[in-house]
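Good morning, and thank you for the time.

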Amino acid sequence: MNDVANLAGVSRGSISNYINGKKTKLSTQKKIEEAIRSLNYVPNATARSLKTSKSNFVVFIVPTVNSPFFSELSYHMQQELQQNGYKMILCNSNNSSKEEIEYIQMANTQKVAGLITMSYADVANLVDTNIPLVSIEKRVSDDIPLVISDNYAGGRLAGEVLTNRGATRLLFISKRPVRNISAVREKGFLDYCHENNIAVERFLARKRTNFIADFKRFISENIVDGSFAYDGVFSDSDEYASDFYNLLIHAGIRVPSQVQIIGFDGSRVYPRQKIILSSIKQHTEIIAKTAVEKLLTQFDDHKVGTFFGEQTTIPISFEKGSTTK
């Protein structure tokens, strides 16, 4: 900072004000910017946060980035935080409670501004009480904001869409164990079927690396004279629905004329991607915007002692692809 001040011909205080976003004369700003470029000066964000007791880093923990849904959500989260003056640190927990706990401990040590997590661990007691926290999908504590898609309504909507398009023998497919939000999606689907006297069954693949073999075997056992025993299939994720779709096609079953399929998530790998799989869509942009809003609310010093533990439910919608009529 001394070098920049000397080269720019201004005081060290002016440099500090500029770096910390305080009001500075336009002529002074130009001198400082020229000196910074000339010296390749990079402000030390960690040192600055220690001095000001404020950080502009927010940690976002996801169970994986190896899926369109989490990739899309991460993108929108980064955009939303950036628009509000914060930088995102993306942490991939690999569905591991141990790794997630390590990231949370790192957040505590570095005194980040906030934490947003799609948690698989019991994190409520691991987060410093001074670090604002928002959870997505799974509640981690009664006094922490939760942002969640309307998973039950999504399951019901899948049943409604399939039956309205002529399906009469429905099937829910997934992989064991079906729990948390997946169980809620399944319940919504089954409840809709039972309430409307629609024939429905479920098949769950075993929890193993080659679980696709179970799907393949089930399909083979339920094909008679070129027809599959079910004409409407719903899964709690696009991943499993897509697996099932490809196996049906390989077995000679026509989709959607013989069997209609709906997944859950509705995310794209890239923005222009043509949607093939019909799906119950989670609106990642709205989820990210809501989560950041809930986090920013906790930054307000005037709201100390306010209860933040409300749940915000984000509506879902049906996105038609080529796997439904």
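In helix α5, the buried residues are Phe69, Phe70, Glu72, Leu73, Ser74, His76, Met77, Glu80 and Leu81; buried means under 20% relative accessible area, exposed over 50% and partly exposed in between, with a 1.4 Å probe and protein chains only. Please note that this is a predicted model, in which local features need pLDDT of at least 70, side-chain atom pairs count only at pLDDT 80 or more, and totals for chains, interfaces and linings use all residues. Residues are numbered from 1 along each chain as its sequence is written, and side-chain values use heavy atoms, with hydrogens and water left out.

Helix α5 covers residues 68-83 and reaches 23 Å from its first C-alpha to its last, close to the 22 Å expected at 1.5 Å a residue; the expected span is 1.5 Å times one less than the number of residues. Just after α5, Gly85 takes a positive phi of about 85°.

I turn now to α3. Its buried residues are Thr28, Ile32, Ala35 and Ile36. Seen down the axis of α3, these fall within an arc of 100°, so they line one face of the helix; the arc is that of the directions from the helix axis to the C-beta atoms. They pack against α1 (2-8) and α2 (12-19). On the other side of α3, Leu26, Arg37 and Ser38 are exposed.

What does Thr28 touch? Leaving aside residues up to four places away in sequence, Thr28 touches Val10 and Ser14, where contact means heavy atoms within 4.5 Å. Thr28 counts as buried because its relative accessibility is 14%.

How values were computed:
Helix = DSSP H or I, 4+ residues; strand = E, 2+ residues; numbered from the N terminus.
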